[in-house]
Structure formats: C-alpha cells, structure tokens
Amino acid sequence: RRPARTARRRSGHDRRPRRAQLTWPRLVATVACLWTTTTPPGRRKEDGPRRRPLVFGAAAAADLTGVDAAIAAKEAEILAIYGAGTTRDDFKSAEYFSDKARGRLVERLVRAVVLSDSFVVAVGGMSDVAGHGNLFDESYPLVLEDALRDVFRGAGVRFSARNMAMGGVPSFPNSVCMEDNFGADADVVVWDFRMVERDEVKGELYVRQAMMLPKAPFVAFKRKNAYLSHLHYAHHEAALHVLDEMRGYNALQKRQSPGVVSDKFCREQCDCPGQVRWHAGWKMQRYRGLHMAMFYLDLLGDAVKAVRQLPERDASASSPRWVIKRRAPSEMHAPVSKGCKPAFCSQTFRCAMTWQPQLGPALVDVVDSQLGVNGWRLQHASKRAAELTKKGHHSCGYKDEKKGLVGDQSSHWIFFNLPDVADGGAVAFCGDFVSKDFANYALIVVNQEEVMDKLDIWLESKTLGISSACFATTHNVVEGANVLGFRVTSGANAVSLTHVVWAPRAQTTLSHGSTPDAAGIYDGSPVVDTAAAQQAVVAPPPPPPP
C-alpha cells in the first residue's frame with residue numbers, strides 16, 4: 001500500500017493534514033508567541049521569566065496587592081488626626097534589647113499571613129488600661145484593634161487586641177494564671193502596670209510565664225523598667241521591647257496638636273467611675289492605641305514584603321518553618337531575680353479564678369458539684385466596690401471585676417476538683433487572708449490530708465485596690481485528679497479565695513496554627529463550657545474530716 005499512498009499524496013488526493021516539521025525557526029517563533037500572549041499588562045518582557053505564584057496554605061485566596069496601599073492609607077489617616085507637620089517620627093519610640101528582636105516580630109507576622117492565622121496582642125494592666133473614667137470602647141487596646149482590624153484582614157490575618165486589665169491590681173497573682181487569664185493563642189503579651197508595680201521579681205515572673213505560653217509569644221513593656229536590661233535571656237528569645245508613648249505625646253503637646261490638647265474623659269458626655277487625675281482622658285487613650293497601631297503597621301509592611309520573597313518551600317502551611325515550639329519549663333534560663341523561685345517562676349499552671357476578665361474557668365466551675373458552695377459567698381470586698389463595679393459595667397461597658405469566694409465559721413466545707421495535675425506538681429490558692437497562721441482558724445486539706453503546716457508562700461501583692469497572697473504545697477498531691485478543701489473554724493476570721501492553681505501534666509509543645517475563636521475582642525463573658533467542665537471534674541470527695 002505504500003506506493004499507492006505516495007502516489008495519492010503526489011496527486012493531491014490525500015486530504016489528511018501534513019505533520020509540520022519541527023525546526024529551530026519554528027520553535028523560536030512559537031516561544032515568542034507564547035511569551036507575548038502570557039505577559040501580563042504592565043510587565044515588560046525584559047523583566048525576565050515569571051515567578052510561580054505563592055500558595056498561602058489556607059489563605060490561598062488572600063490578595064496582598066492592596067495591603068501596601070491600605071497600610072499607607074491608615075498611616076495617613078492617623079497622622080491627619082494630629083495636624084499639619086505630624087510625621088511618622090512622632091510615633092516611633094520602640095526600644096529593643098537585641099538587634100534581632102524586631103526581625104522575630106516580623107517573622108511571626110509572616111507566619112500569620114502565610115497560614116491565614118490570628119495575631120493576638122494580650123494587654124495586662126491596671127485601671128487606667130481597663131479604661132476607667134472613659135468608656136471601655138475608648139481604652140487603648142480597643143483603639144488599637146479598631147485601627148488595625150481591617151488592614152490585617154486584607155492580608156488574611158485576624159488581628160485581635162485583648163484588654164485583660166483590672167483596676168487596682170498588679171501583675172501578680174494573675175501572672176501565674178497566664179494561659180487562663182490571657183489565652184493560649186497570644187502572640188504578644190503586653191505589661192502595663194506602670195502605676196501599681198515596680199517589683200523586679202513580679203516583672204520577671206510576668207515575662208517568664210508569658211514566654212512559656214503555647215505560642216511562645218513575645219513580650220512588650222509600656223515602660224523601660226530598670227530590671228529589663230538584666231533579663232538577657234528574654235532579649236532575643238522573647239524579643240523583649242518597650243513601647244513608651246510619652247516622648248511622642250509630649251512633643252505633640254508642645255506643638256499644641258489638636259489630637260491631644262483639651263483632653264477630657266469620654267469623647268461624648270459620660271458619668272463613668274474612675275474620673276480621677278491619674279487616669280487618662282479619651283485623647284490620651286486614643287494616642288496610646290494609635291501609637292501602637294503605627295508600630296504594628298510598620299511590622300506588617302515588612303512582613304508583606306518578606307512574604308512576596310518567600311522561597312517556594314516556605315510558601316505552604318506545611319513548611320516546618322511555621323511550627324512553633326512551646327518553651328518547656330526545663331528549657332528556660334534560670335531566673336535572674338533572687339526572689340523569682342523556680343517553684344512558680346519556672347513552672348506553668350492552670351487556674352480557676354473569681355476575678356474578671358478571664359478566658360479560663362471561673363472558681364465556681366471547679367467547685368464540687370455534689371456539695372456546691374455550701375454556705376460560701378461570691379462577693380465584692382465592700383458595698384461601695386459592688387456599686388461602682390455595677391455602674392461601670394452597666395453604663396460604661398467595663399469588664400473587670402474583683403470578687404472573692406468568702407467563707408466564715410457559719411460556712412461549711414467547700415471542695416475544689418482539680419483535674420490533670422502533674423506528678424509531683426504543686427497545688428496552690430490565692431486570696432485575701434487575715435493571717436498566714438491558717439492552723440489557728442481554718443482547715444485546709446489536699447486529698448483529705450491536712451496541709452496547713454506544709455504550705456509555702458509564693459508572693460504577696462498589696463495596692464489600694466487589693467491585698468493578695470498565694471500559698472502552695474506538693475504534700476499528698478497525686479498525678480491526675482486532686483481535691484482541695486477548706487473549712488473556716490474560727491468566728492473571728494474569714495477566708496476570701498480568688499484563685500485556685502495547679503501544675504498540669506505535660507501538654508502539646510508543637511503548633512502550626514492557633515486555637516479556635518481567636519478573632520474578636522474578648523467581651524468579659526465566660527468562654528468555658530460549664531457543662532463540659534462539670535463532666536471533666538473528678539468524682540465527689542470522701543466525707544470531710546472531723
């Protein structure tokens with residue numbers, strides 16, 4: 001058949017298309033045609049080959065093209081508040097103790113963009129930070145979130161600033177309850193107890209407990225306390241830095257900037273508790289929040305640039321680069337301050353507490369469900385404190401509250417079920433106690449064994465707002481479920497409990513993402529599933545000792 005087919009081709013009767021021969025001129029022309037049709041608008045052929053687009057894990061749909069413009073627009077909006085002549089230099093005051101600290105913060109934001117994760121700033125502080133005198137929505141952590149929420153969302157990041165401040169309270173004892181107080185998903189923990197705490201031991205305890213949180217967060221202070229320079233192990237690891245707004249604020253005051261002069265409490269008329277001279281007005285609160293916002297906008301800008309330059313191996317959520325290793329207590333550097341004992345400075349804890357705001361369980365959530373509170377009362381320290389708290393919550397949106405679970409001779413036994421305690425771990429309690437000599441007026445038991453003479457005091461805190469001390473023991477503590485019980489035996493004294501604390505068993509140390517429900521401002525309401533908490537408690541204790 002071959003001669004016949006050849007004859008048909010020569011005669012033109014074979015209608016099948018002829019296969020084009022691949023020659024070098026044809027190949028060059030084909031490549032040039034493809035290049036012309038695939039070069040996007042605004043891009044020159046001389047720019048070189050196109051880089052493969054990055055895939056941002058769960059944030060594959062995130063579009064970073066508008067983030068730079070959003071950052072610039074937000075910065076311009078902030079600067080306009082403070083009048084002509086205001087520049088970014090009026091907001092630049094970050095101080096670092098390590099040359100690489102800023103880079104670590106940028107890297108955490110790069111991670112958040114790649115994973116479409118949250119970025120949480122948890123702020124601890126006193127009444128001024130809690131917004132007292134103004135509306136809660138005017139407190140500077142909420143100003144910070146309002147300024148950044150939409151800009152960060154454009155980069156696929158859920159930004160949240162949690163205002164966990166409490167009036168009249170220093171950092172301790174809440175610092176030993178860092179996870180249940182501030183949350184397990186914090187990326188930055190802020191210290192702002194500038195008017196109620198100068199204590200080096202409490203300051204180092206705050207830094208160390210923050211560093212041991214699940215996401216290994218970084219730590220910021222609002223004032224450059226002298227002891228910070230000695231905490232060398234935190235300078236790089238925790239990217240320890242200071243965000244003091246006063247230099248920029250004083251410069252704006254000197255220029256009579258409309259954004260700071262003629263300050264007052266509340267932008268609109270209000271009658272909020274705490275309108276005293278040592279609390280900031282709404283303009284000062286706004287400047288503090290926007291001062292921090294400019295800091296994080298600057299970091300986000302660098303993070304977006306870094307994301308665009310990521311190698312392909314790191315552009316996926318599965319990259320080992322984005323794994324966060326929780327800092328184990330055994331890996332922590334020894335405390336620098338002599339009073340920062342390893343028993344509470346080098347150990348993480350879980351807590352149940354009466355104070356608000358909190359993210360973990362309330363103290364009543366771990367009370368034995370069979371006996372209940374049994375005559376103990378959840379109450380404020382005074383009638384005036386109760387009235388002011390109610391007014392602040394109802395009229396101004398405040399979230400902080402300081403109650404105690406109070407028992408006296410007329411009360412009966414109360415037991416707390418503590419789950420998942422570590423082998424050899426400590427069990428502790430905090431509160432306001434008339435005397436440290438518990439044996440004279442109370443019975444305290446761990447798993448039905450008296451421990452009044454086996455208690456070690458951790459630290460004490462006293463301010464105009466509170467008096468608190470914490471006591472701990474390892475006596476008769478077993479691995480797993482434990483029961484802590486109290487009974488007041490003297491009519492002359494009462495016991496006011498605010499925190500129950502226990503050392504948990506080892507937890508997961510690796511994390512690619514953060515915990516769920518990280519977005520949004522914590523509104524002060526309990527987030528613990530009470531029904532689940534009741535299911536998790538241990539069996540009722542045996543009959544109380546005589």
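Strand 11 (residues 414-421) is largely enclosed by the rest of the structure, because 6 of its 8 residues are buried. The model described here is predicted. Strand 11 pairs with strand 17 (residues 480-488). The two strands run antiparallel and are joined by 6 bridges.

Aromatic contacts were then examined across the model. A pair of aromatic rings is described by the distance of the centres and the angle of the planes. Ring centres must lie within 6.5 Å to pair, and planes over 60 degrees apart count as edge-to-face. The count comes to 27 aromatic pairs. In one of them, the ring centres of Phe221 and Tyr227 are 6.3 Å apart and the planes meet at 80°, so this pair is edge-to-face. Phe221 is buried, as is Tyr227.

Phe433 and Phe471 form another edge-to-face pair. Here the distance is 5.8 Å centre to centre, with 70° between the planes. Phe433 lies in strand 12 (residues 427-433) and Phe471 in strand 16 (residues 467-473), so the contact ties together parts that are 38 residues apart in sequence. Phe433 and Phe471 are both buried.

A ring contact of another kind involves a charged side chain. The charged end of Lys222 sits over the ring of Tyr140. The separation from the ring centre is 5.3 Å.

Note on methods:
Residues are numbered from 1 along each chain as its sequence is written. Side-chain values use heavy atoms; hydrogens and water are left out. Rings of Phe, Tyr and Trp (its six-membered ring) pair if their centres lie within 6.5 Å; planes under 30 degrees apart count as stacked, over 60 as edge-to-face and the rest as tilted. Buried means under 20% relative accessible area, exposed over 50%, partly exposed in between (1.4 Å probe, protein chains only). Helices (H or I, at least four residues) and strands (E, at least two) are DSSP runs, numbered from the N terminus. A charge sits over a ring if NZ of Lys or CZ of Arg is within 6 Å of the ring centre and within 35 degrees of the ring normal. Two strands pair if DSSP finds at least two bridges between them.
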